[in-house]
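Hi there,

I'm passing along a structure for you to look at. Please open it first, and my notes follow below.

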Amino acid sequence: MNAMKRSNLTKLINMSCTIPTVSKLQLQRNNLFFIRENHIQYPNDTDLRDPPFSQLSDLETLAMPSQHRRLKSHLPRNFLKGLTNLSYFNARNMQLLHFHKDMFNYTPKLQTLDISSNDLKDLSPDLFFQIGNLKRLYISRTSLGSLDFLIDANLTNLEFLQATHNAYSVITMEVIKSLPALAYIDLEANSFTCDCDNVWFGQWAVNDPQTQVVAASNFECNYPKGLKGKKLLELDIRSCTVDIEFIYFITTTCSILLFMVVTFTYHFLRWQLAYTYYIFLALLFETKYKNKKAPNQYDAFISYNTHDEPWVIKELVPKLEEEQGFKLCLHHRDFEPGKPIIDNITDAIYGSRKTICVISRKYLESEWCSREIQVASFRLFDEQKDVLVLVFLEDIPTSQLSAYHRIRKLLKRQTYLSWPQAEEHPELFWVKLCKALKNREDINEDRLLLTVGDRP
C-alpha cells in the first residue's frame with residue numbers, strides 16, 4: 001500500500017513513472033488546487049492533457065478524501081483514465097460541485113463509490129452507465145433533493161445505499177423498483193413529506209423482507225408544517241387507501257337501483273318522457289327550419305310504405321292532384337337524388353303545409369316510415385299547428401298503434417280518416433281529406449273525424 005497523508009501535497013503529477021504497479025493509493029488531507037505558480041486547481045471538468053493515473057491499470061483502491069475544505073472544485077472528465085481495475089473510489093468531502101457524465105467511463109470494475117459530503121445537488125443517470133457492477137454507493141450530505149436519478153441509472157447490482165442528511169421529500173416506488181438487489185438503505189435525516197405520496201414507501205420500509213431500512217421508525221416529517229416532527233410511519237393512511245370491496249358494493253348497489261328506476265320509468269312514465277323528448281327535439285328543429293320562413297313548396301308530403309304504393313298512386317294522387325289541384329311530395333318522384341334520405345324526409349316535411357301518413361300494419365313495421373312520422377311529430381310540437389293528418393288503410397287496434405299515435409292522443413290533436421269505414425261513402429272521405437289540407441291549421445278548429453274515440 002502506498003500512502004501520502006498530511007504531506008502538504010500541492011501538485012499531483014503523473015505517477016506512472018515511479019509506482020507503476022501500485023494497488024492502493026491514499027491521498028488524505030492534502031490541498032490540491034492550482035494558483036498558476038506551482039499549485040494544481042481544477043476549475044472545470046475539461047480533459048487533462050496528461051491524466052495522473054493513465055498508466056496505473058493495476059490500481060484497485062483510490063482514496064482522496066478531505067480535499068478543498070474551503071474552495072469548491074471539479075474533477076476533470078478523464079481524471080480516472082487508465083484505472084481499468086479500480087474497484088474502490090473515495091472522493092468524500094472534496095467540495096466538488098459536479099461530476100461529468102463520462103467520469104467513470106474508465107473504471108468498469110468499480111464496485112464501491114463514496115462521493116459523500118460534496119455540494120453536488122444533482123446527479124445524472126448517465127454517470128452510472130459504465131459502472132453497472134457497482135454494489136455500494138455513498139451519497140450522504142450531497143444536497144440532493146431527489147433519488148429519481150436512480151430510476152434510469154441501471155444499478156441493478158447495487159446492494160448498499162447510504163443517502164443520509166439530504167433533502168429527499170418523497171421516495172417513489174419507481175426508485176426502489178430500479179434497485180432489485182438492494183439489501184441495505186440508510187435514509188436518516190431527510191426532509192420527508194407526510195402525505196399520500198409517501199404511503200407506499202412507509203409500508204415498504206416496514207414490510208419488505210429483502211431490504212433493511214436503517215432506523216425507519218425515526219424518519220420524521222418536515223412537511224406540511226402542521227405535521228413537522230411527526231414520525232413518518234405514524235402517518236394516518238386511511239384517507240390514502242382505496243377500499244376495493246366498498247367500491248364494488250357501491251357500484252353494484254347503484255347498478256341495481258338504476259335498473260329498478262329504468263324499469264319503473266319504462267312501465268309507468270314512458271309516454272310522459274317521450275312527450276318531453278319530442279318537445280325538446282322540436283326546439284332543435286325549430287332553429288333549422290322554422291326560422292327560414294320560406295314558403296311551402298308542397299301542399300302535402302305523403303308518408304307511406306312501398307307496400308301501400310298502389311293505393312297512393314291509383315287513389316290518392318288522382319283525387320288530390322289531378323282533381324283538386326293540390327301539389328303533393330312523393331318519395332319516388334320528388335326526393336333529391338344523392339341527398340341523404342333523412343335530409344330528404346326532413347326537407348319534404350318542413351317544405352309542405354301538411355304531412356299525410358298513410359298508416360297500415362306494414363307502415364308501422366317500417367323503420368323509415370317511423371322516422372317520417374317522428375319528424376312530422378317534431379314539427380307538430382314545434383309549430384303548434386295541426387300539420388299531421390293520419391289516414392288508416394286498415395282497422396288497427398289501439399294496442400298496435402305506434403308511440404307517435406299515442407303521443408298525438410295525449411295532445412288531443414286528432415285528425416283521423418279511415419279508408420275501410422269510408423267504403424259506403426268514399427266521396428265524403430275525400431271531402432274530409434281535402435278539407436284537412438286547407439289552410440285552417442289552428443288546433444282548436446273542428447276535428448275532421450270519420451273515426452272518433454278509442455279504436456277497437
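To begin with, how many helices and strands does the chain have? There are 11 helices and 16 strands. Please keep in mind that this is a predicted model.

Some totals for orientation. The chain has 456 residues, and 45% of them are buried. Its accessible surface comes to about 24,500 Å², with 51% of that belonging to carbon and sulfur atoms. If you take the contacts between residues at least 6 apart in sequence, 69% join residues at least 24 apart.

Now to the aromatic rings. Searching the whole structure gives 18 aromatic pairs. One of them is formed by Phe99 and Phe104, a tilted pair with 6.0 Å centre to centre and 35° between the planes. Phe99 has a relative accessible area of 5%, so it counts as buried. Phe104 is buried as well, with a relative accessible area of 1%.

Another tilted pair joins Phe192 and Phe219, at 5.0 Å centre to centre and with 35° between the planes. This pair links distant parts of the chain, with the two residues 27 apart. Phe192 belongs to strand β9 (residues 192-193), while Phe219 sits in the loop between β10 (212-214) and β11 (221-223). Both Phe192 and Phe219 are buried. They also belong to a cluster, in which ring pairs link Phe192, Trp200, Phe201, Trp204 and Phe219.

Next, a histidine in a loop. His74 lies between β3 (61-63) and β4 (88-90). Is His74 buried or exposed? Its relative accessible area is 17%, and the cut-off for buried is under 20%, so His74 is buried. The side chain of His74 reaches the backbone oxygen of Pro43 at 3.2 Å. Leaving aside residues up to four places away in sequence, His74 touches Tyr42, Pro43, Asn44 and Asp45, and also Leu96, Leu97 and His98.

Last, the surface. Which residues form a nonpolar patch there? The patch consists of Ile256, Leu257, Phe259 and Met260, which together have about 450 Å² of accessible area. Phe259 is found in helix α3 (residues 244-268). Why does Phe259 count as exposed? Its relative accessibility is 60%, and exposed means over 50%.

Best wishes

Note on methods:
Residues numbered from 1 in each chain as written. Predicted model: local features only at pLDDT ≥ 70, side-chain atom pairs only at ≥ 80, totals over all residues. Heavy atoms only, no water. Patch = residues over 30% accessible without salt bridge, like charges linked within 9 Å, V, L, I, M, F, W, Y side chains within 5 Å. Areas by Shrake-Rupley, 256 points an atom, 1.4 Å probe, with all protein chains shown as cover. Salt bridge = Lys/Arg side-chain N within 4 Å of Asp/Glu carboxyl O. Helix = DSSP H or I, 4+ residues; strand = E, 2+ residues; numbered from the N terminus. Buried < 20%, exposed > 50% of the residue type's maximum accessible area, 1.4 Å probe, protein only. Contact = heavy atoms within 4.5 Å. Polar contact = N/O pair within 3.5 Å; in protein donor to acceptor, adjacent residues only side chain to side chain. Phe/Tyr/Trp six-rings, centres within 6.5 Å; stacked < 30°, edge-to-face > 60°.
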